[in-house]
Amino acid sequence: STEFILVVTNERLARLNITDGVLTTIIELNLADGMRTNDAGVGPDNTLWFGTMEQKPSGLYGGVYCVSEDGNIQKIDLTIGIPNTFLWNGALQRFYISDSYIQKMYSLQKCGSNWKMTTFYENKDTEATPDGGCFGQNGIIYNAQWDGACIQTISDDGAMQEKIELPVLKPTNCCIVTSDCSTLFVTTAREGITLEEIEKYPLSGQLLRVDLSENLKVEKQ
């Protein structure tokens with residue numbers, strides 16, 4: 001059988017055939033000048049959600065969009081700057097999204113045709129901001145902390161749990177890749193890093209593998 005990956009670019013939502021590498025357009029996005037796409041995720045009803053942000057962020061001018069299985073696209077009425085994370089907790093019927101511009105993560109619940117947006121987690125007294133994330137066991141959220149050199153784990157009530165220190169300054173996203181939730185892959189960035197920071201964090205920009213079962217061993221993948 002043919003396997004596909006959905007790809008969101010600044011120009012389109014497309015389907016990538018991982019066998020032959022053919023990229024087929026599903027929807028042309030036609031973003032406004034100065035805007036680009038950001039994080040994305042698939043909801044429990046197979047809708048695709050993705051965010052947009054300013055190429056040079058200056059305020060809460062980002063957007064969140066939902067694409068149905070039949071290709072209809074809808075803009076969600078949310079006030080947000082840099083949308084990230086895009087996680088769903090089916091048991092609690094919650095949708096989690098971060099605004100990296102103001103260092104917050106929100107919990108959203110559907111109320112009729114609108115969404116109730118409640119602050120779930122907030123970074124204070126730190127330069128770190130929540131970026132991409134994933135779910136682990138027992139509803140724990142693993143969240144990459146841009147400029148924080150770590151993965152922060154957060155319980156389903158928004159309480160900070162364990163902090164997983166990383167040899168990179170700007171982790172961007174993470175994903176559990178084993179059924180026993182023992183291995184975490186982490187993507188990282190070099191954007192905006194000084195020469196001194198590169199010397200301190202030489203693995204910046206690399207894909208990392210974190211073994212959660214062996215004293216949090218971290219290595220380049």
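## Cysteines and disulfides

A disulfide is taken here as a pair of cysteine sulfur atoms within 2.5 Å. In this predicted model, the number of disulfides by that rule is zero. Cys174 takes part in none, for its nearest cysteine sulfur belongs to Cys134 and lies 4.0 Å away. Cys181 is likewise in no disulfide; the nearest cysteine sulfur is again that of Cys134, at 8.5 Å.

Cys174 is a buried residue, its relative accessible area being 4%.

## Nonpolar cores

The largest nonpolar core contains 14 residues. Those that touch the most other members are Tyr142, Ile151, Leu166, Cys174, Leu184 and Val186. Four strands each contribute two or more residues to this core: strand 13 (141–146), strand 16 (170–176), strand 17 (183–189) and strand 18 (208–211). In soluble globular proteins, nonpolar side chains tend to be buried together.

Leu184 illustrates the contacts of the largest core. Leaving aside residues up to four places away in sequence, Leu184 touches Cys134, Tyr142, Ile151, Cys174, Cys175, Ile176, Leu208, Arg209, Val210 and Leu212. Two of these partners, Cys174 and Tyr142, are themselves among the residues that touch the most other core members.

Thr52 stands opposite Gly63, a residue of strand 6.

Phe95 belongs to strand 9 (residues 94–99). Is this residue, Phe95, buried or exposed? Phe95 is buried, because its relative accessible area is 0% and the cut-off for burial is under 20%.

Apart from residues up to four places away in sequence, Phe95 touches Trp49, Phe86, Leu87, Trp88, Tyr106, Ser107, Leu108 and Trp115. The C-alpha atom of Phe95 is separated by 8.8 Å from that of Lys110, a residue 15 positions apart from Phe95 along the chain.

Definitions and conventions: Residues are numbered from 1 along each chain as its sequence is written. This is a predicted model: local features need pLDDT of at least 70, side-chain atom pairs count only at pLDDT 80 or more; totals for chains, interfaces and linings use all residues. Side-chain values use heavy atoms; hydrogens and water are left out. Buried means under 20% relative accessible area, exposed over 50%, partly exposed in between (1.4 Å probe, protein chains only). A nonpolar core is a set of buried Ala, Val, Leu, Ile, Met, Phe, Trp, Tyr and Cys residues joined through side-chain atoms within 4.5 Å. Contact means heavy atoms within 4.5 Å. Two strands pair if DSSP finds at least two bridges between them.
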